[in-house]
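Thanks for coming, everyone. Let me put the structure up, and then we'll walk through it piece by piece.

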Amino acid sequence: MSLRLKPEYARELLQQAQKAAPTGTALELLLEESSSELTRFANNAIHQHMADASLTLSLRAQIEGRTARATSHRNDATGIADLVARTLSLTRSQAQDAELLPMAAPAAIEPVSRWDDATAALTPAQRADAVAGMVEVARKEGLTAAGICSSQHDATAIVNTNGVEDFYRSTGAQFSVTMLRGLSSGWAKGGSVRWSDLDPVAGARIAAAKALASVNPTEVPAGRYTVILEPAAVLDLLGFVMWDFSARQILEQSSFLSGRMGQKLFGDNVTITDNCRDPLQTGAPFDGEGVPRQRVVLVENGWVRNLVYSRQSAAEWKRRHPEDPAPAPTGHGLPLPNPYGEFPLNVVFAGGDVPVERMIGETERGILVTRLWYIREVDPYQKILTGMTRDGTFLIENGKLAHGVRNFRFNQNMIELLNSIEAMSPSVRASGEESFDMVVPALKVRGFNFTEVTKF
């Protein structure tokens, strides 16, 4: 399905909204058009095709220091008039916000190209062919496969009465496959802007190999082990750390970095940036107000260097800390109004040059972890997380995978983990289940704390 949203269409809808509002009302219109398709399979057969298309209009108004937002899926004249009326009514009912800034002003934005015609045109038959390839791998190995293949194309536009006119469109595709036999399982997942970057059959072979290697898993005592965390496990843990690099969370003293800014908190080998222009990243080059998204060095060789700022948090930081150099908005704000402020969403963890196979070969005794799930925060300030291993957990002995083991519950301090990295693979774009996609390496970490063995 082709997208209707174009820059000139967004401008036209804003003009319609302006005509329906009192003269001079400050308005911001966020338009998001999405077309997504999904094929699900289980028990070695497709059981569902889904398709969804939507155009969402989200209008924000500012009146006398008040602001509010209303949303609609109607883009006809009556629908827009109703959206304007609801937005104005909501705005007038709000309390005045002394910290509210005027609408964002236009700024030059370096464009990014993340559109692929072939991915946008991907058909159910092509996704079914990919599923057939994965199921064939399962049947040859006597396994049962389940998972998804999906594709989508999206467009986003932000226009406001202060002259902002930002537009972005992108494509994306993803597959996930789980192979099962009895109590053992293996898993693989991939995502990219281009369907042609993905190899679902190769992913199925990885998942099948893990499921076969972990048949009849053995119980290994809980305790502290050297672990090799594959990229999916790394990103699902790291996601709980990255939210705290928000200036809003520091201002509200809810970040574990409160009182620790500028300190060397992690190991020398830890450097993390937020960079929406990294070739493996996705996402718009502007934020929820249309501010250009900047590359931000968050951690450099273990030192906590910077935060990300929305326009509001940058202004508030300047008010509270007049003695400090005034921070500039970094283009990471979420659409207003919101209680969260801003977040880094294009995380790039600089990797090393040690492939996972070499990590295993250089490990006398340890645990290989494919992925994690049910991760929850135990201590927000010490960044202690708990969760479980899943879909491929193996004992390493004398440089080789010895056998599959029953899954563990872990209880791990992330500051300690990021000080205990012995080796890193090259970074790759990885997809998990508990956090957003990131560019991360596999990590070999000493002293990972497993607290309990599960029954499967």
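Strand E13, residues 384–397, and strand E14, residues 400–404, run antiparallel, joined by 4 bridges. Keep in mind that this is a predicted model. E13 and E14 make a hairpin, with 2 residues between them. Look at the turn: Asn398 sits there with a positive phi of about 50°. Where does the pairing show up residue by residue? Take Glu397: the bridge partner of Glu397 in E14 is Lys400.

Now follow E13 to another partner. E13 also pairs with E15, in the antiparallel sense, over 5 bridges.

How are the rings of Phe408 and Phe450 arranged, and why do we call the pair stacked? Their centres are 4.3 Å apart and their planes meet at 25°. Planes under 30 degrees apart count as stacked, so this pair qualifies. Phe408 is in strand E15, residues 408–413, while Phe450 is in strand E19, residues 443–453. So the pair ties together parts that are 42 residues apart in sequence. Buried or exposed? Phe408 is buried, and Phe450 is buried as well.

Ring pairs link Tyr225, Phe408, Phe410, Phe448 and Phe450 into a cluster.

How many aromatic pairs does a search of the whole structure find? The count is 9. One of them is Trp243 with Phe343, and that pair is edge-to-face. The centres are 4.4 Å apart, with 80° between the planes. Trp243 belongs to the loop between H6 and helix H7, residues 247–251. Phe343 belongs to the loop between helix H8, residues 311–320, and strand E11, residues 347–349. So this pair ties together parts that are 100 residues apart in sequence.

Trp243 has 30% relative accessibility, so Trp243 counts as partly exposed. Phe343 has a relative accessible area of 10%, so Phe343 is buried. The cut-off for buried is under 20%.

Next, the open sheet. It has 6 strands, in the order E3-E2-E1-E4-E5-E6, and the pairing is antiparallel. Which strands are at the edges? They are E3, residues 66–72, and E6, residues 184–192, and each pairs on one side only. From one strand to the next, the twist averages 15°.

Zoom in on E1 and E2. E1 covers residues 26–42 and E2 covers residues 45–63. They pair in the antiparallel sense over 17 bridges.

The largest pocket holds about 890 Å³ of space. Its lining has 35 residues, and those nearest its centre are Tyr168, Thr282, Gly283, Ala284 and Leu345. Strands from our sheet turn up here: E1, E4 (144–160), E5 (165–181) and E6 are the elements that each give two or more residues to the lining. Which one gives the largest share? That is E5, with 7 residues. By type, the lining divides into 12 nonpolar, 16 polar and 7 charged residues.

The second largest pocket holds about 710 Å³. It is lined by 29 residues, with Ala188, Lys189, Ile206, Glu230 and Pro231 nearest its centre. E6 is among the elements giving two or more residues to this lining, and so are helix H5 (200–213) and helix H6 (231–242). H5 gives the most, with 6 residues. This lining divides into 17 nonpolar, 5 polar and 7 charged residues.

One last stop: Leu100. Leu100 lies in the loop between helix H2, residues 77–92, and helix H3, residues 117–120. Its relative accessible area is 18%, so Leu100 is buried. Now look for Trp317. Leu100 and Trp317 are 217 residues apart in sequence, and 14 Å apart in space, C-alpha to C-alpha.

That's my tour. Over to you.

How values were computed: Residues are numbered from 1 along each chain as its sequence is written. This is a predicted model: local features need pLDDT of at least 70, side-chain atom pairs count only at pLDDT 80 or more; totals for chains, interfaces and linings use all residues. Side-chain values use heavy atoms; hydrogens and water are left out. Two strands pair if DSSP finds at least two bridges between them. Axes are lines fitted to C-alpha atoms, for helices over the stretch in contact, and angles run from 0 to 180 degrees between N-to-C directions. On a 1 Å grid over the protein atoms alone, a cavity is a set of points where a 1.4 Å probe fits but cannot get out, and a pocket is an open set with protein on both sides within 12 Å along at least five of seven lines; lining residues have an atom within 4 Å of a point. Grid points are joined across faces, edges and corners, and a volume is the space filled by probe spheres set on the points. Ala, Val, Leu, Ile, Met, Phe, Trp, Tyr, Cys and Pro count as nonpolar, Asp, Glu, Lys and Arg as charged, and the others, Gly among them, as polar. Rings of Phe, Tyr and Trp (its six-membered ring) pair if their centres lie within 6.5 Å; planes under 30 degrees apart count as stacked, over 60 as edge-to-face and the rest as tilted. Buried means under 20% relative accessible area, exposed over 50%, partly exposed in between (1.4 Å probe, protein chains only).
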